[in-house]
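Here are a few friendly notes to read with the model open beside you. Take the points one by one and find each residue as you go.

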Amino acid sequence: MTRALFRFELAMLLKARFTWIIGALLFAALSWGAINGQANADAQQATVDRLKVHAAAKVARQQADVARYRRPFDAVLPYWQDPSDAAGYMRYGLAAYAVKPPSPLAGIAIGQSRLLPFYIKTDLDYVAPPAAAFDFINPRILSLGDFDLSFVLVYVLPLALVAIGAARLAAERDSGALRLMAAQLPSFRQLVMLKFGVLAVVCVPFTLGATVLALLVAGTPCWTLQTMDSMLLLGAATAGFTLFWVALTALVASRIGVVGSYLRLVSVWIGFTFFVPAAGALVIDMAYPAPSPLLYLDDLRRANDFKPTDRDALFVAFARADPAYAAAADRVGQVSYATKQIAVQQAVERQVAQRAGAAARQNDVAAGKAATLRWLSPAMVFDTLLQQAAGSGVERHKRFIKRTSDYTDELRAFFWPRALAEAANPTNACRGCAGRMNFTDHDKIPRFEADRPLDGVAGSIGRAVGYLWLLAGAVVLMLWSGRQFRV
């Protein structure tokens, strides 16, 4: 009897026109979201490729200029136009970029990638956030949000499952057939599990297949050796999230009528997707208010408010602290502005370090609390998981900013000693030439090494996958142990 009912319910679900309409609309939304996400990733990759070409072409032109300026000439180039002058080059000629290339799975979730920079033109006066603020797109457009694959899976999929599942018992209950069907089985609980088990058997494979097909339609390379482990975990997470909503629909629909089921399930959806995140954000904002960026910028302005005499005094003290560069202090009037900025930049960073450090610590504490509150909402957990897998989350961006800061330190360690040596010993390496020829090591300039977006992804999302399945299992257990079924 159980097998016959299972086959009958499966056939009825697959024959229902409403099922196919919801499935078609869901697949269309998944495809549209995947195409939008992949288009954003392709645009970012094209920008990264253009940056690499631009930087390489600029260095090639500068090397050609160095060879041209090596010949005798009546005049000497100004230092800011001379690619063979270390001080001038590091401030006016350097074309170095820190880039965060999109992940192969970036089409899954746009996430924070439209709000946060994926490339930064580095210079030796680089100051890390909060001073480094970026606005790429009109805020009014950003306020509308991004329609991508993750949006459909997190927000639209639960509504589709509720639309299909909330009325699973309605027709039989209204006609009185539900009592007859329940009498043919050992318990009404078994009938509920059977009917919604059919729903899970159909919806979970359909969601997984439609998601993969949508990614393939969008051109996302989701089935490569590089992405295989991440895709398997994403499939497990999607299946767990789908099963959770099927079980939750069964739990509610088996106890009340169809209208009440829709109202309660939509209310739960609103709570998980909107109320819990909004309440959590409010609690975090009240308990750990964000430091004012205006105060930081005011500190930065005050720290940079140098008079020429102050700048000279700073450089003299700085140069005399190192015997190798002490000679530059005696001729401070002839030292270039770019070289003096070495001392100024260090003084500026010392003055703003306290407020910047306090802001960073406050943000880290708030982020830690927010990460804890995120577990209260399966929608937030799933959304964060998708962003981590797509390489478009906040954590990867934090690592990118840290790597950019480290890269700036590498550039400083490369250029600053050369510029200070020029200031201490100002003789030209090529007398009578148009250029000074004190700097010709353009090929040795440190290059930024971009990260590998998929490294560590499996480990970072493993807990979230387990959480979604644990939550789904808990709801199934509540359904099985229930005592308030309505026949």
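1. Start with Arg418 and Phe414: the charged end of Arg418 sits over the ring of Phe414, 3.9 Å from its centre. A charge counts as sitting over a ring if NZ of Lys or CZ of Arg is within 6 Å of the ring centre and within 35 degrees of the ring normal.

2. A word on what you are looking at: this is a predicted model, where local features need pLDDT of at least 70, side-chain atom pairs count only at pLDDT 80 or more, and totals for chains, interfaces and linings use all residues. Residues are numbered from 1 along each chain as its sequence is written, and side-chain values use heavy atoms, with hydrogens and water left out.

3. How many aromatic pairs does the rule give? The count comes to 20. Rings of Phe, Tyr and Trp (its six-membered ring) pair if their centres lie within 6.5 Å; planes under 30 degrees apart are called stacked, over 60 edge-to-face, and the rest tilted. One of these pairs is Tyr89 with Phe439, a tilted one with 5.4 Å centre to centre and 40° between the planes. This pair joins distant parts of the chain, 350 residues apart: Tyr89 is in helix H3 (residues 86–93), while Phe439 is in the loop between H16 and H17. Helices here are DSSP runs (H or I, at least four residues), numbered from the N terminus.

4. Are Tyr89 and Phe439 buried or exposed? Both are buried, where buried means under 20% relative accessible area, exposed over 50%, and partly exposed in between (1.4 Å probe, protein chains only).

5. Now look at Phe151 and Tyr155, another tilted pair, 5.1 Å centre to centre with 45° between the planes. They are separated by about one helical turn because they are four residues apart in helix H5 (residues 149–165). Phe151 is partly exposed at 32% relative accessible area, and Tyr155 is partly exposed at 21%.

6. Ring pairs link Tyr155 into a cluster with Trp32, Phe147, Phe151, Trp269 and Phe274. Leaving aside neighbours within four places in sequence, Tyr155 is in contact (heavy atoms within 4.5 Å) with Trp269 and Thr273. Tyr155 and Phe272 are 117 residues apart in sequence, yet 9.9 Å apart in space, C-alpha to C-alpha.

7. Last, please check Met437, which has a positive phi of about 60° although it is not a glycine. Most residues other than glycine have a negative phi. Met437 lies in the loop between helix H16 (394–424) and helix H17 (457–480), and it is buried, with a relative accessible area of 7%.

Methods: Helix = DSSP H or I, 4+ residues; strand = E, 2+ residues; numbered from the N terminus.
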